[in-house]
Amino acid sequence: MTGPGYAVLPAALAETAAGIEAVIEELRPLAPFGAAETGRGVAQLGLLPGDVGHAGLSSAFLVFCDRWEWGVRDAVRLGGELADDLRAAGTAYGHADDAG
């Protein structure tokens, strides 16, 4: 669909949605089944003190991972919503193009 000063390609919206979903799939291995959606699993990256260096660094890394779990949860949730919205917009623009 095109208009004054813009063009929307439904295929580009679908491709963007697929890219977002691919990123979400890359996040899933960070957590056990279903846990990526709730942000769990990132803290498991540094399981034991000393895994990533001296005790202070290891402790800071564990705190970082614990906080980052919230970011993973939000990225998975919001990314899924964004992909769904992009697909819906692409479908709507495609129907508008077909209708003429």
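Is R77 buried, partly exposed or exposed? R77 is partly exposed, its relative accessible area being 41% (buried is under 20%, exposed over 50%, partly exposed in between, with a 1.4 Å probe and protein chains only).

1. The model is predicted: local features need pLDDT of at least 70 and side-chain atom pairs count only at pLDDT 80 or more, while totals for chains, interfaces and linings use all residues. Residues are numbered from 1 along each chain as its sequence is written, and side-chain values use heavy atoms, leaving out hydrogens and water.

2. Helix α2 has 45 residues and reaches 65 Å from its first C-alpha to its last, close to the 66 Å expected at 1.5 Å a residue (1.5 Å times one less than the number of residues; helices are DSSP runs of H or I, at least four residues, numbered from the N terminus).

3. Among the buried residues of α2 are C65, E69, G79 and G90. The cover over the buried residues of α2 includes α1. A17 is in contact (heavy atoms within 4.5 Å) with A83, L86 and R87, leaving aside neighbours within four places in sequence.

4. There are two salt bridges (a side-chain nitrogen of Lys or Arg within 4 Å of a carboxyl oxygen of Asp or Glu). E21 pairs with R87 at 2.5 Å between the closest N and O atoms; E21 lies in α1 and R87 in α2, so the pair ties together parts 66 residues apart in sequence. E81 and R77 form a salt bridge at 3.6 Å, N to O, and both lie in α2, four residues apart.

Technical notes: Helix = DSSP H or I, 4+ residues; strand = E, 2+ residues; numbered from the N terminus.
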